[in-house]
Amino acid sequence: MKKQYIITYLLLLCILLSACNKFLDVPPKGKTTLNTVNDFDLWLGSQTLSEISGIPQICWMTDHAQKIPWRPEIIAEAERAYTWSEQLTDADATSKMLSGAYNHIYYFNTLLENIDAVTGNADQKKQLKAEALLGRANEYFYLINLYGKPYDPATAATDLAVPFVVSSDVNTTTPARATVQELYKYMIDDLNTAIINLPASNAGNRFRGSVHAAYSVLARIHLYMRDYSEAARYAEMSLQRPGGAVVTNYNGVLKNVFPRTTELNEMIYARGSDPTSGSIVSIADSAFIKSYQSTDLRLALTFYNGVASAFNYNTVNPSAGMRFSATGNGYYDVQVGTTVAEMKLIIAENAARTNDLTAALRQLNEIRINRFAPANYRALASGNQNEVFQWVIRERRYEMPMNGMRWFDMRRLDSEGLMPAVVRIDQSKNVIATLQPKSARYTLQIPLNAIIYNPGMPNNQ
Amino acid sequence: MPSSYVPKLLFIMKLTFLLFFLALMQASATTFGQELSIKEKNVSISKVFYEIRKQTGYDILHRVNELNTNATIPANFKNTPLLSVLDQIIKGKDLEYSIENKTIFIRKKEKSLLQNVIERFSQIDVTGKIVDANTGNPLAGANIMVKGGRKSTKTGAEGNFVLNNVDENAVLVITYVGYKNIEMPAVSNLGTLSMEMGFGELEEVGITVNTGYQRILPQQVTGAVSQIGTKAYESRINTDFLSGLQNRLPGLLINNDIQFQGNNLFQIRGISTMTGNPTPLIVLDGYPTDLSLNDINPNEIENVTVLKDAAAAAIYGVRASNGVIIIDRKKGVAGDARVAFRSTFSVRPHDNYSKFRYEKDGSVGLNYFRTRWEDGNISTFANYRTSELTGAQSYLTGFASDAALNLLIDKSLGQLTLAQMESGFADLASYNNSDDYEDYFLRNAVTQQYNLNVSGGTNKALYYITGNYLKNQLNQRNNDNHKIQLSGRSNIMISKKLSLELLTDYNEAISNAAPITDISRIFADERFADADGNALPIYSGSTRAGSRFTTATQAMGYLDQRMYPLTEMEEVNTRQRVADFRVSANFKYQIGSGLDFTLGGIYESSATQQRRFASENSSLTRTHINRFTQPATATTAAIYNLPRGGYLQESQSLLRSFTSRAQLTYNKQIASNHSINAILGAEVRQRITEGARSATFGYNDQTLLQQPTDYNRLFNSSTTFNSNYIYNASGLPLGYNDLFAQQYNDDRFVSGYMNAVYAFKNRYSLTGSIRIDQSNLFGTDPKYRYKPLWSLGAAWNIDRENFMQNVNWVNAFKLRVAKGFNGNISKESLPQVVAAYALNNVTLPAYSTLTLLTPANSGLRWEQTDNFNVGLDYTIFKNISGNLDFYNKRSTDILAKLDVDPFKGVSPALVNQASIRNRGVEFTLNADWLRKRKLNWNTGLVFSYNKSKVLEAYMPKPSIPQFSSQALATVSSQAVITAAAGGYMKGEPVGNIYSYRYAGVNATGQALYFDSKGNKTILTSAIDEGYGSLDSRGTSIPATNIGLSNRLDIGNFYVFCMLNYYGNFVVRTPIPSPVAIRPIEGSGDYWKKAGDEATVSLPSAAYINTNGAAYLANSDRFVMNGAYLTLGDVTVSYNFKDFETMKKAGFSNFELKLQASNLYTVGFNRDNYSLATGSYLKKYITPTYTLGLFTNF
């Protein structure tokens, strides 16, 4: 039999097969695996990382929210948050507050785990890793303040927060819940590591990291650890940024533009609200709205009137003329990230607490002068420490009514015994829920759908 | 007309003349008047002849050996006419006589000229000689047979043969052990034919099993294979390819009445994937095709083979999990050109809504609507009324037409008295627009098809050229499509060893679609045109808005965006053009000693262009314009950010794919007892799809001009447009990505495969196959690229054993067992993170970013199906055959989007975790109950039963003990319903349906349901037992399907009839809700006041409106047995080929078929609802009538 034929054909087959690998190695279009430093740069630009998840739910828990008419037959996540239920979601439902944050952490972990293996400039790698550490710490900041007890140095070593996940492989085991102490240490260490390699400025894109962005997150972290002087120190440092500590003057700012974050220089580390978080509007408490000075420009810019709504009318009684904030409607409505004003408020709070009233009032007035028409502006002046302190807290509420910080403020004020009971009433003035001082409900339970996958995981009270 | 027909035609003319002449002659013979008288009891014929000569003077001549003149006949002749005497003499004998010039000739009867003529046309005697192609030596003992018939002969010692009386259209098959078969049309002198050595096709003709890669003798097949040939396929008239296979092949489920996950059922042996493609792989003329099934011309089917288990299909590797359908199209046969022309014409009447299950009483919906606003929601109504009047928002979606709403508003504004309003409502209730709807929007659907093909050639070069034109006028006006298909196939012997098969196809399909609002979305009291025939708006569709709202918004500069159905169908047109091209070439080189080398490939391309134009007069365009309009204020005019004018959306998609294949085939008989049929090959395959979409505004289709549009302002600016003026703005596809998009996809595969069949003594056979597929899908790690898929099978032909030789009634009895693995792919996940490019719109300017598409999954694998099959093939009593198969398919590692631990950050993620089992039985019976020369009765029975079970999949989690005190901790029954809608619930069959246990109505009009303890409860999110509130009702996919076909042939006539049964499944039916736009029968039977609960069957309208969708619609009251039976087809056919006029006209075949499809159906449930009607609302089935002409000449 003609052996040479067979050999020839087998040879042909071999040549064909060896050509295969080249044939198969084509990059698909429109999508890619992360192969270069530039890929990771684009990766950090992802829109989802520009947003914080679960903001509407957090807002529903605050004393800024009001849900009237109350419809007892509708009990969804927003209603449960509004009445401080133990669990806000069913076993089969996803909690955006938790899963959204961990999704963003997944992005950062993917970068941190894989960037060393790809080709590219070593300095750029370091910078991107630093940005990822900053972004990850910022997400854990929200998680620790939702699922961990308010920071108390006496119990922080035993209070449980959330698992500190550092892997991006779906097949790895989830670590146990870190303690509040541990998690704060991880976050602060990560930020300190990051600062060395972060760029000096993020003026081109305020959603990206910078040294000053890291300082502002450190300021927030220390504020909620109630280490006010350290918080103020970092706040001061964050304001030493190129471009300065300018507070945007709201005179002439159009509602349609506000607070189009990239256009406002007052953003230090910009973040928007994740529009996929669920409940898209938070209706503002009418008493809170009334407490604004009617000439305060923030009132008109932050809140929508109920009738001329762009929103789902099923959730809003169009005749009630009520104000609400579109916390879930995304980037252009709510400023979730750190701002110059917030840093100034942190400085002011520390000053007020240490009875440096002049410094405190200066910070407050530097903000307020930009929040009123010149004709309506009156500088604050007082020699009463408590009055100034209350002004600081009030300005925090006016400046950041619907970005989630109020809930965290309520937690720390409650730890200091400064938070009265919060009462929810329905349209007939019946009390439907009360958040008592020192209530366990100030700390959320880990959602059921997370507990199901981690059967041994202890939950909060 | 081919030249060979010209002499034949002349010949016919001559004969006609001759026949006419003879007829005249016979007429003269009848005037012959001689008489004879003989009176004797028995007289010998010689005596009679003597008397004739004596009495009449006529001589008689005859051949001695033809007539025994000593025989006697009874003679009682008295003046008997001579002809009668002669008749008596030849009576009962094969003789005839003639009279010429006083001489009577008696001779052996010859066939009448007419008979001769007919037989000369249809029957020929074939002669020829068979020799070996290489040596030229005559082959003695070669078998020559008529294909599909019984006539056969063998060659003599010198290789010569004669085969008498062969139908001239017959195809001869010449076979000789060790040589390749020859197939050719019968001609009287075939001359010398050369047969070539080869082992490929020494089997009986027409019953080899084609796996697409090789042909295997049926007795050697170990896998589950079903086949249908031309005769059975063409028993009915097929206007599309798939309908001809419906219920003809066991295990193949084709059902267009039932959908699973939005697709019509088209599957083999159940569903074994979740995210992959669940349909079978289609192999056309040897290569998998990526083109649409519509490209397969039903007139071209030679046979269709279905490969169902691993032994049969493993050779197709990772795409074979769902089985393989192999289509062989007709090929040319050597000989004179043959022409076939076919034409079909079918009509399907439009729907008759007066026979639908719609509520006849027009006041049911109106009454509900009135009670709703008048009794319950006066204050809300006032708010809504105000916002509608001021144009603030179009809220009024209160389940009534604009006219009904206006009556209420007019009354509330004091513009109508109560009596006027009452009479207004009475007027509305008395009108029903269903007749008008039929007149304005519907027509009878008509399908016309013309098919012409020419084939022929010599043994060295064969050709087959065909053209097909199909035109469809659909039931909805302004909706139609047409299609042209051209195909050429040739087979060329380049040299004695090298042959080339070349196939090309071109298909072009063009369709026009115009929007016709479905009647279910139109209130029954709405009119489509006023008395003058001007179009009127209706109050439904995506831009529902009332007349008052429109008046108010028009004052602000908005356009009238209401839907005018009569205008819309003229002003909006979607035109789609699909051009498909396919070419394949196969070189085959015979190396010798049973070894062949094949090198071939196929290239396919498909280009789809879609063009949707909506003029400015359409509701569609106006709504788009309004969407981006800034309304006029006291001082400024309205700003139209979208230019006024037409809206044009164009999209195109392009598919290109090629497969090339190199294959060695070894087919040899070793000694007398062993035979091997093996293949070894490699395949490279690439498939590229790309697409693009773009939109143009302010476009004028006449001037071809378009206005510039500021997209930045529309989509990227800070300006928010107020969507209050756009009812259901979210339903408008007008995001930036809807207008502009690009898409590109490149899949590549490299595969190596081997298959071997070893047979011993023709009794036992073993098969084995292995295939390795690599693709570019799974990144670079070989661990994920290589996945060998294999199969092993064995068959035992019991009937060939010695002990069976005395069992005469068993002709074939084969047992086969096979096991192996098929694969399936889903390209949605990789072991690394896959990121997609996306714009980040948060920042200004929007810039490109990468966003997570699928997370890293280090455990990713191919899906695979472990396939086990036991089968039995039988032929008993010569005329009954069939098979019986049992299978167990276990698909594991199925990729499914499952919830994963939320701490991992990527839930839900695609993971290889799901698993599905399919088990089933298939049975076929094919019986020729009668098989006479002109009479044949054939029955085909196909029975399939498939039972699926999802072994592992996502399930809503039941309660966890530590939270059992909380109602929240229990999974809600609603979550179970939602999850079940996905189709895969652990422990249940695929497509399982859950239902609540309906327990009637309580005193406040709320629906009650039985809880797990049998108590009647109200269901709310707080009162809910999760799984405990529900019953599992079984699958929504028919588990049993039966097809029964009968065909009775009487001569040239046949009747064919097909019965289909689908059973063992459940179906959901809609709630008769008064809230519906067009309420269905029984909608009035709801709770209205206390006390009604004793008599009515439905809860209050308020309950239906709020909880109806969640609970009532999912209750067991609206789940019923879906089993149904249809009389699918009745086809009658007569072939006029034996009519002389047809022969004169040159037709060798002239068949007229008449078919009625979907004649009758019955549903085996309470409502006699059969899914074959297409909708629960439809009580009857609409038949399709088809007339077909099938000719050959």
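Predicted model: local features only at pLDDT ≥ 70, side-chain atom pairs only at ≥ 80, totals over all residues.

**Stop 1: two crossing helices.** Select residues 228-239 of chain A, which make up helix H10, and residues 340-353 of chain A, which make up helix H13. Their axes come within 8 Å and cross at roughly 145°. The crossing of H10(A) with H13(A) is left-handed. Now show the side chains: on the H10(A) side, the contact includes Tyr228(A), Ala231(A) and Leu239(A), while H13(A) brings residues including Met343(A), Ile347(A) and Arg353(A). What kinds of residues make up this contact? There are 9 nonpolar, 3 polar and 4 charged.

**Stop 2: a histidine in H9.** Next, pick His222(A), which sits in helix H9, residues 211-224 of chain A. Is His222(A) buried or exposed? Its relative accessible area is 7%, and buried means under 20%, so His222(A) counts as buried. Leaving out residues up to four places away in sequence, His222(A) touches Ile188(A), Asp227(A), Glu230(A), Ala231(A) and Tyr234(A).

**Stop 3: the largest core.** In soluble globular proteins, nonpolar side chains tend to be buried together. Here, the largest nonpolar core has 183 residues, and Trp43(A), Tyr140(A) and Trp407(A) have the most contacts inside it. Helix H7, residues 122-147 of chain A, supplies the largest share of this core, with 13 residues. Zoom in on Tyr140(A): beyond four places away in sequence, the residues it touches include Tyr102(A), Pro163(A), Phe164(A) and Met187(A). Another core, of 28 residues, lies apart from that one; look for Leu1098(B) and Tyr1103(B) among its members.

**Stop 4: strands in chain B.** Select strand E39 (residues 863-876) and strand E40 (residues 880-898) of chain B, an antiparallel pair with 13 bridges. Asp866(B) stands opposite Arg890(B) in E40(B). These strands form a hairpin with 3 residues between them, and Phe877(B) in the turn has a positive phi of about 50°. E40(B) also pairs in the antiparallel sense with strand E41 (residues 909-931) of chain B, over 17 bridges. There, Asn888(B) stands opposite Arg919(B) in E41(B).

**Last stop: an open sheet.** Finish with the 3 antiparallel strands of chain B, in the order E44-E45-E46. E44 (998-1001) and E46 (1016-1017) each have a single partner strand, so one side of each is left without a neighbour in the sheet.

How values were computed
Residues numbered from 1 in each chain as written. Chains lettered and ligands numbered in written order. Heavy atoms only, no water. Core = buried A, V, L, I, M, F, W, Y, C linked by side-chain atoms within 4.5 Å. Buried < 20%, exposed > 50% of the residue type's maximum accessible area, 1.4 Å probe, protein only. Helix = DSSP H or I, 4+ residues; strand = E, 2+ residues; numbered from the N terminus. Contact = heavy atoms within 4.5 Å. Axes fitted to C-alpha atoms, helices over the stretch in contact; angles between N-to-C directions. Left-handed = near helix turned anticlockwise from the far one by under 90°. Nonpolar A, V, L, I, M, F, W, Y, C, P; charged D, E, K, R; others polar. Pairing = 2+ DSSP bridges.
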